[in-house]
Amino acid sequence: MVFSSPAFLYIFLPVCLVLYNLSKNVTYKNTVLLIMSLAFYAYGEPKWILIMLATVTVDYVSGVLIDKFRGRPLSKAVLILATAITLGFLAVFKYANLFITSVNGIFNSQLGLLSIGLPIGISFYTFQALTYVIDVYRGDTRVQYNFSKLLLYVSLFPQLIAGPIVRYVDVENELNYRVVKLDDFASGVIRFTAGLTKKAVFANIAGMLCKKLIDNDLSGVSTLGMWIGIAAFALQIYFDFSAYSDMAIGLGYMLGFRFRENFNYPYIATSVSDFWRRWHISLTQFFREYVYIPLGGNRSNFVRNMLIVWLLTGFWHGASWNYLLWGMYYFVFLMIERVFLGDVLKKLPKFIGWIYSMAVVLVGWVFFYFEDAVKLKYALSIMFGVVRHGVIDTVEKTVVINYLPFIIIGLIACLPVSRLVKNALERFSEKGKGARVVTDILCAAFVAFNLFISTAALIGSSYNPFLYFRF
């Protein structure tokens with residue numbers, strides 16, 4: 001089940017909210033959320049619940065044992081074992097066939113592939129479960145002796161299958177006590193419906209434009225057509241993933257949880273480093289806090305530490321070697337900025353830094369988009385004029401012209417316009433009761449419009465993928 005589906009919008013979510021708000025205390029509310037979260041996950045393939053339950057069980061028992069043997073070598077041994085088992089689930093289900101295929105290719109062997117699918121959201125909930133057991137070992141959080149609360153933390157449906165990655169310590173208190181105020185609920189509804197429109201309208205249209213331009217054999221794609229196609233993909237993946245984060249954060253507000261922001265207008269970045277401070281913030285924070293700093297951070301061997309982080313960042317995104325190349329691509333540019341380019345960019349006008357960073361990011365999305373190595377090489381050859389199919393052909397020009405209004409609106413939507421509007425409305429509402437009434441009416445109209453246009457878009461189109469479900 002996805003958030004941008006009629007089943008979720010008009011059946012699952014209303015039932016959940018009604019049952020949740022009829023519950024008289026946090027214990028009952030947690031029970032409702034746990035049941036609904038497991039039902040949400042089981043909607044697609046119920047068998048994968050067993051993998052999630054196994055992950056939570058391993059880390060629950062490990063947390064108890066780590067606390068019991070705290071200060072002794074056995075505590076660390078339990079942590080290592082729990083980490084190995086938890087990551088082992090991810091390795092088997094996500095990466096086993098990649099390694100088998102690679103071994104077959106290198107050694108000309110005939111090892112059979114495993115007949116297993118990829119549990120939805122396993123990359124996200126695996127990392128969340130790990131933050132709990134690691135933080136218990138560090139002493140950053142108390143051990144949770146209530147299994148159902150730990151299961152609720154991992155399975156909480158707003159951020160279960162596509163993030164943001166939430167640390168246990170961030171929601172520990174809210175699992176035990178939370179209050180949903182009317183203003184918070186209203187803010188959550190606004191945030192959720194805004195994200196819904198980003199997904200159902202902006203992400204899906206950008207995806208269709210991308211498919212029309214570059215989702216083929218590339219034999220007739222022009223140089224400009226390739227650049228525009230990748231730019232469309234850049235819009236699609238941003239609107240797709242940031243929309244899911246918006247909806248997750250909005251749902252959190254409705255249910256009394258505060259999830260951290262996951263995106264901060266990454267396409268206004270003025271350097272590659274700045275881009276990664278704004279893009280998928282929860283993943284960046286995870287690798288910094290649980291990989292980079294424990295390895296030594298900036299204190300020792302920072303090049304090695306950065307290399308490991310970006311190898312893992314690339315590999316986390318998918319079971320294909322192109323994602324590893326994508327991670328290495330960013331590692332190179334981040335190192336260049338660290339050594340000298342970062343200081344140069346600070347002295348230049350921000351517009352130049354923006355052009356540079358967007359050029360790097362767009363080329364980076366080529367590595368991300370094409371999993372086939374031959375197509376990846378061919379796409380880059382077209383982009384940089386090594387293979388010439390003309391600047392732009394008639395068909396591509398017609399497609400771009402037809403999508404031009406969306407392209408313009410989409411580019412504007414990447415700017416912090418909504419933040420400016422929100423701040424302006426907040427200042428206006430402080431002018432008195434009448435102003436507050438006007439603001440409330442405008443917000444209600446905004447929610448109704450988003451819900452209407454998103455529903456119409458979903459009903460009128462069969463194209464509604466969530467890109468990050470495969471991660």
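**Entry 1: two helices.** I looked up helix 3 (residues 49–68) and helix 4 (residues 73–107), which pack at an angle of about 170° with their axes 9 Å apart; helices here are DSSP runs of H or I with at least four residues, numbered from the N terminus, and axes are lines fitted to C-alpha atoms over the stretch in contact, with angles from 0 to 180 degrees between N-to-C directions. The two helices are therefore roughly antiparallel to each other, a label for angles over 145 degrees. By class, I found 11 nonpolar, 4 polar and 1 charged residues in the contact of helix 3 with helix 4.

**Entry 2: the source.** I noted that this is a predicted model, in which local features need pLDDT of at least 70 and side-chain atom pairs count only at pLDDT 80 or more, while totals for chains, interfaces and linings use all residues. Residues are numbered from 1 along each chain as its sequence is written, and side-chain values use heavy atoms, leaving out hydrogens and water.

**Entry 3: cysteines.** I found 0 disulfides, a disulfide being a pair of cysteine sulfur atoms within 2.5 Å. The sulfur of C414 is 14 Å from the closest cysteine sulfur, in C210, too far for a bond. C210 is buried (under 20% relative accessible area, with a 1.4 Å probe and protein chains only) at 1%, and C414 also counts as buried, at 5%.

Note on methods
Buried < 20%, exposed > 50% of the residue type's maximum accessible area, 1.4 Å probe, protein only. Parallel < 35°, antiparallel > 145°, perpendicular 65-115°, else oblique. Nonpolar A, V, L, I, M, F, W, Y, C, P; charged D, E, K, R; others polar.
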